[in-house]
Amino acid sequence: MTEAMGSGGEDFLRAMLERDALMFGDFVLKSGRRSPYFFNLGAVADGSGHAIVGAAYANEVARLPVRPDVLFGPAYKGIPLAVATAMALERNHGIAIGAAFNRKEAKAHGEGGSLVGAAMDGRKVAIVDDVVTDGAAKREAHETIVAAGGEVVGIVLALDRQEPATDRGVTAVAALEQDLGVPVRCVANVDDLLAFLESDGGFEGEREALQAHRLRNHVRGIR
């Protein structure tokens with residue numbers, strides 16, 4: 001988020017902390033980079049948690065420059081995201097939207113194929129997923145949607161780590177925007193998280209470690 005984080009973003013971060021989807025410690029990420037925090041949206045496993053996540057994502061989808069007709073959630077974490085977000089868009093914004101996802105392995109019986117849910121042929125599609133590390137999963141999702149005849153008009157993620165893409169001089173989110181030519185919106189970023197932890201009180205040691213990590217992985221032009 002570039003603007004000040006609203007109550008929806010604060011509710012989202014609080015829900016992530018309460019459900020251990022956002023944990024502090026010493027972690028090694030997929031990129032090989034060490035991190036004082038770890039984010040796992042798959043830890044959200046209750047109805048109220050999914051409702052909060054869906055509402056936060058719906059707010060970002062509603063702000064995309066081009067309104068999508070379908071939400072695509074890459075298997076597996078993206079599947080409940082697409083459903084929860086579609087429900088929140090209908091409930092909170094009056095926006096009727098389809099939801100689709102892919103199977104990791106194509107089904108050879110029944111309806112068959114690797115895609116489930118709303119058709120994407122000739123329709124505008126937004127990808128909903130958790131975070132971006134190297135962007136490979138989002139690029140694969142983009143290829144899947146285009147192959148199905150859809151047009152990707154945006155990507156919505158949970159958390160922008162604001163860390164650099166390898167040898168690019170920009171963040172991983174910015175690199176994804178450049179490569180795919182679509183806007184990428186995030187419910188919150190690390191600066192939002194730092195501000196939330198400070199306002200919430202406590203977490204002093206965690207905030208110090210996170211701030212040091214943020215400074216070590218600073219990308220020029222990004223605070």
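Here, buried means under 20% relative accessible area, exposed means over 50%, and partly exposed is in between (1.4 Å probe, protein chains only). This is a predicted model, so local features need pLDDT of at least 70 and side-chain atom pairs count only at pLDDT 80 or more, while totals for chains, interfaces and linings use all residues. Residues are numbered from 1 along each chain as its sequence is written, and side-chain values use heavy atoms, with hydrogens and water left out.

**Nonpolar cores**

- A nonpolar core is a set of buried Ala, Val, Leu, Ile, Met, Phe, Trp, Tyr and Cys residues joined through side-chain atoms within 4.5 Å.
- The largest one holds 39 residues, and Phe12, Met16, Phe39, Leu41, Tyr57 and Leu71 touch the most other members.
- Elements that each supply at least two residues of this core include α1 (7-18), β2 (34-39), α2 (47-62) and β8 (184-189); helices (H or I, at least four residues) and strands (E, at least two) are DSSP runs, numbered from the N terminus.
- Another core, of 19 residues, lies apart from it, with Ala100, Ala141, Val173 and Val182 among its members.

**Phe12 and Phe39**

- Phe12 is buried at 0% relative accessibility, and Phe39 is buried too, at 5%.
- Their rings form a tilted aromatic pair, 6.4 Å centre to centre with 45° between the planes.
- For such pairs, ring centres of Phe, Tyr and Trp (its six-membered ring) lie within 6.5 Å; planes under 30 degrees apart count as stacked, over 60 as edge-to-face and the rest as tilted.
- Phe12 sits in helix α1 and Phe39 in strand β2, so the pair ties together parts 27 residues apart in sequence.

**Salt bridges**

- The whole structure has 12 salt bridges, each a side-chain nitrogen of Lys or Arg within 4 Å of a carboxyl oxygen of Asp or Glu.
- Arg185 pairs with Glu60, with the closest N and O atoms 2.7 Å apart.
- Because Arg185 lies in strand β8 and Glu60 in helix α2, this bridge ties together parts 125 residues apart in sequence.
- Glu60 counts as buried, at 3% relative accessibility.
- Asp179 and Arg139 meet at 2.4 Å, N to O, and both count as partly exposed, at 39% for Asp179 and 23% for Arg139.
- Within helix α1, Asp11 bridges to Arg14 at 3.8 Å; the two are three residues apart, so about one helical turn separates them.
- Lys77, Asp129, Asp130 and Lys138 are linked in a salt-bridge network.
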